[in-house]
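Take a moment with the two chains below.

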There are 2 protein chains.
Amino acid sequence: MSLLVVGSVAFDCLESPYGKVERALGGAATYFAVAASFFTPVNLVGIVGDDFTEVDARIFHGRTIDLEGLERAEGKTFFWSGVYSQNLNERTTRVTDLNVFANFKPKLPEKYRSSKYVFLANIAPDLQRDVLEQVKVRPKLAALDTMNYWIERTPTELRETLRHIDILVINDAETRQLSSEHNLLRAARHIFKMGPSSLVVKRGEYGAMLVDKQGVFCVPAFPLEEPHDPTGAGDSFAGGFMGYLAAAGRTTDLYLRRAMVYGSVMGSFTVESFGLDRLRKLKRNEIHARARHFAKLTQFKL
Amino acid sequence: MSLLVVGSVAFDCLESPYGKVERALGGAATYFAVAASFFTPVNLVGIVGDDFTEVDARIFHGRTIDLEGLERAEGKTFFWSGVYSQNLNERTTRVTDLNVFANFKPKLPEKYRSSKYVFLANIAPDLQRDVLEQVKVRPKLAALDTMNYWIERTPTELRETLRHIDILVINDAETRQLSSEHNLLRAARHIFKMGPSSLVVKRGEYGAMLVDKQGVFCVPAFPLEEPHDPTGAGDSFAGGFMGYLAAAGRTTDLYLRRAMVYGSVMGSFTVESFGLDRLRKLKRNEIHARARHFAKLTQFKL
């Protein structure tokens with residue numbers, strides 16, 4: 001089943017101990033869509049400026065990514081510049097220029113309005129809710145990402161949006177901030193009262209954790225000797241996770257666990273190179289090989 | 001096969017947000033021996049002062065723990081006092097009184113000198129080596145724990161001891177410090193050159209990781225809503241890990257993975273209560289139930 005994503009399309013200036021890229025295509029919706037498209041068709045809702053060229057759009061070509069929902073506006077595309085610490089575990093934002101993204105009012109093309117799987121990437125909670133309201137029938141699965149900025153600045157809007165969400169996909173710091181609980185199990189119970197019935201906690205180099213009424217499922221991060229750039233890893237995780245679920249059309253525990261693994265697989269590829277470089281040349285057989293490698297990494301017999 | 005451990009037996013003053021215990025029996029060798037004794041007989045080499053009473057010794061009674069190697073000296077038993085932060089993820093040492101431990105010269109009873117499984121808990125590297133030399137035939141498996149103090153103060157002695165070790169069992173900060181590598185895979189390759197063929201990295205709330213020539217195996221920490229006291233979790237992990245291997249008498253990948261799970265099981269019980277309170281009343285069937293719970297926590301089908 002096709003999958004709808006709304007979120008940022010951006011140009012990033014990325015610097016890590018492994019190098020620097022001045023103008024890399026990025027943005028949550030971009031990473032998500034490219035990662036998810038290995039599993040299922042994706043409908044992308046976002047906005048770019050007139051500096052977004054045909055060469056930039058090539059990342060979407062030859063993939064099952066529909067761009068009717070990608071608005072083109074006068075002005076510049078969202079720009080972010082950041083630098084990573086020696087160990088890649090801290091990043092400093094140098095520049096955030098919202099540009100055309102500042103006035104983004106997502107509008108769903110008619111054909112997107114029957115989406116069964118919806119991912120609301122990290123944008124203002126009222127815009128996330130607006131997108132969800134444009135979908136005619138309650139989706140089978142609505143998932144949402146957010147960040148400290150919205151948790152602090154628009155808590156009421158975020159709470160209202162969360163009431164309509166099935167799966168919240170956020171990192172550990174955001175989980176703790178949103179729930180005011182350090183312990184992730186207690187945090188999950190708190191968050192379930194806000195609406196979501198499942199919580200996916202992205203823990204960076206420590207992997208990811210799914211908490212729902214079935215219990216807890218943990219998957220480690222794939223051990224890499226030379227991660228180059230963590231930008232987009234979380235969005236690629238979400239793309240693999242939602243892409244797998246939409247392709248399977250099932251959301252039982254068995255499928256959610258597999259989705260966690262495929263999410264981790266996609267995140268692990270993204271960090272291997274700068275920006276979208278690794279996803280750009282990724283082959284489907286590499287995805288399945290790495291999923292089997294995750295099994296080797298975690299499976300045991302009692 | 002029986003298992004030898006050398007390390008500290010101590011009294012701890014423990015304080016966490018969940019309470020305070022003024023004089024709890026502790027020490028690495030104590031946690032290790034109690035945890036391992038659920039799997040296999042243990043020979044304990046350590047030292048206590050004349051304040052160590054028959055009531056204190058009761059923790060070892062009714063378990064397959066041999067105390068012939070537990071020396072009793074004039075003076076006080078090793079004393080440690082520490083306080084944990086609100087989230088239990090930081091601890092501050094208030095007092096470390098080595099007492100009789102300061103002059104500890106481990107001497108193995110004759111019957112311990114044919115041990116096939118040896119665990120050298122965190123003590124001075126030259127004492128660890130001395131113990132290993134008292135074992136007549138090279139053990140089937142020698143494992144070692146250490147800490148920042150020895151890595152900084154006695155690097156030469158530690159390097160010499162590591163040459164004779166099969167498995168190094170340390171935490172992530174120690175791994176990085178010893179290898180001067182942040183990345184754990186590169187750290188492992190560095191450490192393999194020092195002697196050990198396997199590295200077990202204890203990562204606290206993030207679980208544990210085994211790296212050897214077979215590859216990598218990860219196990220998460222057991223998610224607990226109310227951890228009370230992390231003291232001894234790492235030593236209990238080591239006890240479950242080595243205890244399981246000694247009981248199995250096998251060290252192939254299948255058994256090492258199971259040992260990682262049983263180590264995590266024992267560590268998870270220890271943090272549930274203060275000091276040894278949880279291990280004290282633990283039943284063998286609870287261990288197996290939790291191991292099955294670890295399977296539920298991590299297993300997936302592709």
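Which backbone oxygen does the side chain of B:Arg257 reach? Remember while looking that the model is predicted. The side chain of B:Arg257 reaches the backbone oxygen of A:Gln299 at 2.7 Å. Find B:Arg257 in helix α9 of chain B, which spans residues 253-270. Its surroundings come from both chains. Apart from residues up to four places away in sequence, B:Arg257 touches A:Lys296, A:Leu297, A:Thr298, A:Gln299 and A:Phe300 in chain A. Within chain B, B:Arg257 touches B:Val216 and B:Phe217. The relative accessibility of B:Arg257 is 10%. The cut-off for buried is under 20%, so B:Arg257 counts as buried.

Now turn to B:His182. This residue sits in the loop between α6 (172-179) and α7 (184-192) of chain B. Which residues does B:His182 contact, leaving aside its neighbours within four places in sequence? They are A:Asn87, A:Asn89, A:Glu205 and B:Arg176. With A:Asn87 there is a polar contact, side chain to side chain, at 3.5 Å. B:His182 has a relative accessible area of 22%, and is partly exposed. Look back along chain B to B:Asp172, 10 residues from B:His182. The C-alpha atoms of these two residues are 9.1 Å apart.

Step back to the whole interface. Chain A contributes 40 residues to the contact, and chain B contributes 40 residues. Together the chains bury about 3,600 Å². Carbon and sulfur atoms account for 52% of that area. On the chain A side, three residues stand out: A:Glu225, A:Phe300 and A:Leu302 supply 20% of the area that chain A buries against chain B, more than any other three residues.

Polar links also cross the interface. There are 23 residue pairs in polar contact between chain A and chain B, counting pairs with both residues at pLDDT 80 or more. Which elements give two or more residues to the side of chain A that touches chain B? They are α6 (172-179), α7 (184-192), β14 (215-219), α9 (253-270) and α11 (284-298) of chain A. The most comes from α11(A), with seven residues. Sorted by class, this side of chain A has 20 nonpolar, seven polar and 13 charged residues.

How are the two chains related? A rotation of 180° superposes chain A on chain B, with 0.0 Å of shift along the axis and an RMSD of 0.0 Å. That is the relation of a two-fold axis. The interface fits this picture. Of the interface residues of chain A, 100% are also interface residues in chain B, so the copies meet through the same surface.

Next, the charges. How many salt bridges are there between chain A and chain B? The count is six. In one of them, A:Arg189 pairs with B:Glu225, and the closest N and O atoms are 2.4 Å apart. Another salt bridge joins B:Arg189 and A:Glu225, at 2.4 Å from N to O. B:Arg189 lies in helix α7 of chain B, while A:Glu225 lies in the loop between β14 and α8 (233-248) of chain A, so the pair joins two chains. Are these two residues buried or partly exposed? B:Arg189 is partly exposed, at 45% relative accessibility. A:Glu225 is partly exposed too, with a relative accessible area of 27%.

Over all chains, the count comes to 38 salt bridges. Some examples lie within a chain. In chain A, the side chains of A:Glu272 and A:Arg278 meet at 2.8 Å, N to O. A:Arg278 counts as buried, at 11% relative accessibility. In chain B, B:Asp166 forms a salt bridge with B:Arg138, with the closest N and O atoms 2.9 Å apart. This pair links distant parts of the chain, 28 residues apart. B:Asp166 is in the loop between α5 (155-162) and β11 (167-171) of chain B, and B:Arg138 is in the loop between α3 (125-134) and β10 (141-144) of chain B. B:Asp166 counts as buried at 15% relative accessibility, whereas B:Arg138 is partly exposed at 46%. Finally, look for a network of salt bridges in chain A: A:Glu15, A:Lys20, A:Glu22 and A:Arg94 are linked in it.

Key. Residues are numbered from 1 along each chain as its sequence is written. Chains are lettered from A and ligands numbered from 1 in the order in which they are written. This is a predicted model: local features need pLDDT of at least 70, side-chain atom pairs count only at pLDDT 80 or more; totals for chains, interfaces and linings use all residues. Side-chain values use heavy atoms; hydrogens and water are left out. Contact means heavy atoms within 4.5 Å. Buried area is the accessible area (1.4 Å probe) that two parts lose on being put together, summed over both. A salt bridge is a side-chain nitrogen of Lys or Arg within 4 Å of a carboxyl oxygen of Asp or Glu. A polar contact is a pair of N or O atoms within 3.5 Å; within protein, one must be able to donate a hydrogen and the other to accept it, and residues adjacent in sequence count only if both atoms are side-chain atoms. Helices (H or I, at least four residues) and strands (E, at least two) are DSSP runs, numbered from the N terminus. Ala, Val, Leu, Ile, Met, Phe, Trp, Tyr, Cys and Pro count as nonpolar, Asp, Glu, Lys and Arg as charged, and the others, Gly among them, as polar. Copies are superposed by least squares on the C-alpha atoms of residues with pLDDT of at least 70 in both. Buried means under 20% relative accessible area, exposed over 50%, partly exposed in between (1.4 Å probe, protein chains only).
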